[in-house]
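Trainee: Let us check the labels on this model against their definitions. Please show it.

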Amino acid sequence: MNIMSADQPLHRGPPLKFIHVGHHKCGSTFLQYEVLPKIHALRQPSGKQPDGTSDLRFRRAWISLASQGDGGFDIEAVAREFSRKDFNCLSNEAFSGYGSIAAATGSHAPLAAQRLHRIFGDVPVLIVIRNQRSIVQSLYMDDVEYGYVADFEAWARHRHFHNMLDWFRYAPLIEAYQTAFGQQRVHVITAEDLYRRETIEAVLQRFDIPSDGLDAVDFGRRVNDSPCGPVVWLTRQLFRRIGTPANMGRGMVYNFWIDHARWTLDRLLRQAGAARAEYNFLGYEDILRETFHADNLRVTALTGLDLTVHNYP
């Protein structure tokens with residue numbers, strides 16, 4: 001009888017090259033759709049069945065790993081779902097904590113780290129972080145897309161008051177993965193450096209992955225780029241008058257604007273010189289410093305990264 005050791009990984013497939021813990025709004029989609037598919041040595045798991053239909057069992061297991069509490073969570077069942085797939089790397093924003101656009105939280109990150117280690121064992125981990133000054137603004141524009149119509153100041157003060165910006169304190173996330181996988185296996189880079197060939201080359205070299213295919217990567221590609229300022233303003237005005245997910249409606253006008261019209265208008269306005277939306281208000285820097293400065297110092301102590309180079313709060 002073959003009894004599995006408690007220290008032996010539950011995954012019954014090839015060892016992983018690495019796990020990418022993609023914090024939300026930190027270039028994860030660029031890695032998932034532009035970089036990883038073009039590196040010859042890497043394979044991501046497919047969420048599809050062989051016939052092309054959605055593999056709901058696997059997708060449910062994927063979500064459960066990062067979001068489900070201990071009650072009812074079956075780690076061996078999740079590991080079996082992953083063992084059905086052919087892959088050697090993982091990348092998912094949910095590994096930093098699962099949540100919706102409207103209300104996200106990093107509270108599940110330690111659980112996700114422990115579960116990933118139990119399933120896949122001692123593999124390298126990549127974490128990407130981003131200057132909170134820009135990430136908060138990007139999050140605001142996501143909420144506008146979802147249907148919220150507050151201006152940036154009202155939105156930021158509300159989120160700050162309810163501790164909803166704390167998710168972008170990175171030290172607890174880094175510490176959770178260092179605790180689960182070991183400090184030397186956790187590599188942290190900034191999103192500000194992500195779109196540089198030398199950064200990806202260094203990551204591949206650190207993880208002992210051949211760089212064949214890197215020449216095909218378009219480092220100028222931006223996925224899910226935020227719209228320009230006038231489009232954000234027009235979106236808020238339109239959503240004051242129609243149903244959106246934020247007020248439990250999603251009609252034809254909302255779908256047409258989000259899926260088609262705003263991108264056409266954004267392209268035309270950018271060609272005319274309109275800039276990407278940038279927001280500020282009196283007291284915004286105080287909120288950023290109060291929320292993130294001490295944590296960013298802790299990140300530097302944990303990783304050796306000099307975040308002042310990119311003007312982190």
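Mentor: Here is the predicted model, and our questions about its fold and sheet follow.

Mentor: Residues count from 1 along each chain as its sequence is written. The model is predicted, so local features need pLDDT of at least 70 and side-chain atom pairs pLDDT 80 or more, while totals for chains, interfaces and linings use all residues, and side-chain values use heavy atoms, without hydrogens or water.

Trainee: How many helices and strands does the protein chain have?

Mentor: It has 12 helices and four strands. Helices are DSSP runs of H or I with at least four residues, strands runs of E with at least two, numbered from the N terminus.

Trainee: What makes β1 and β3 a pair?

Mentor: Pairing takes at least two DSSP bridges between two strands. β1 (residues 18-22) and β3 (residues 125-129) have four, in the parallel sense. In one of them, isoleucine 19 has valine 125 of β3 as its partner.

Trainee: In which order do the strands of the open sheet run?

Mentor: The order is β2-β1-β3-β4, with parallel pairing. β2 (89-92) and β4 (186-190) each have a single partner strand, so one side of each lacks a neighbour in the sheet.

Trainee: What share of the residues is buried?

Mentor: Buried means under 20% relative accessible area (1.4 Å probe, protein chains only). By that cut-off, 46% of the 313 residues are buried.

How values were computed: Buried < 20%, exposed > 50% of the residue type's maximum accessible area, 1.4 Å probe, protein only.
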